[in-house]
Amino acid sequence: GSVAIGIGLVVATAVVWSVLDSMHVFADIEELLISIGSEDLVGLMSYVEFDRVVSMATIIAVLDVLLLTALSTIGAFVYNLIAALVGGLHLTLTDD
């Protein structure tokens with residue numbers, strides 16, 4: 001489950017980046033920064049390059065997989081502990 005979410009996150013990030021790039025969003029932002037005289041901020045556009053964006057999405061996906069796995073294990077342990085303490089619900093079916 002969590003591996004599929006991680007793969008989906010990376011694929012979705014690549015697709016969204018491709019769509020934004022094909023719409024020339026990044027070029028328009030860079031052009032806007034140059035036109036308002038913020039050449040200093042144009043260097044920040046290097047952080048939205050495809051390689052960096054997909055690398056960051058991959059790192060987040062790996063962390064997500066690790067955290068979901070750990071939290072699922074802890075959740076199952078706590079559930080089993082509470083079920084053992086409380087006892088649960090017992091059903092008896094009879095044929096009348």
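## Ground rules

Helices (H or I, at least four residues) and strands (E, at least two) are taken here as DSSP runs, numbered from the N terminus. What you have is a predicted model, where local features need pLDDT of at least 70, side-chain atom pairs count only at pLDDT 80 or more, and totals for chains, interfaces and linings use all residues. Residues are numbered from 1 along each chain as its sequence is written, and side-chain values use heavy atoms, with hydrogens and water left out.

## The chain as a whole

On the secondary-structure side, expect four helices and zero strands, so from the N terminus the order reads α-α-α-α.

How does the radius of gyration compare with that of a compact globule of 96 residues? The chain has 24 Å, whereas such a globule would sit near 12 Å (C-alpha atoms; the globule rule is 2.2 Å times the number of residues to the power 0.38). The C-alpha trace spans about 85 × 30 × 20 Å along its principal axes.

## Surface and contacts

Buried residues come to 15% of the 96 in the chain; buried means under 20% relative accessible area, exposed over 50%, and partly exposed in between (1.4 Å probe, protein chains only).

Contact means heavy atoms within 4.5 Å. Of the contacts in the chain with a separation of 6 or more, 62% are between residues 24 or more positions apart.

## A look at α1

Which residues of α1 are buried? They are S2, G6, T13, A14 and W17. These cover an arc of only 130° around the axis, which puts them on the same side of α1 (the arc is that of the directions from the helix axis to the C-beta atoms). As background, an α-helix has 3.6 residues a turn, so residues three or four places apart point the same way. The buried residues of α1 pack against α2 (25-35) and α4 (50-86), while the face turned away from the buried side carries the exposed residues A4, I7 and S22.

## Where α1 ends

D21 belongs to α1, which covers residues 2-22. D21 is partly exposed, at a relative accessible area of 35%. Its C-alpha atom is separated by 17 Å from that of G43, 22 residues apart along the chain. After α1 comes H24, with a positive phi near 60°.
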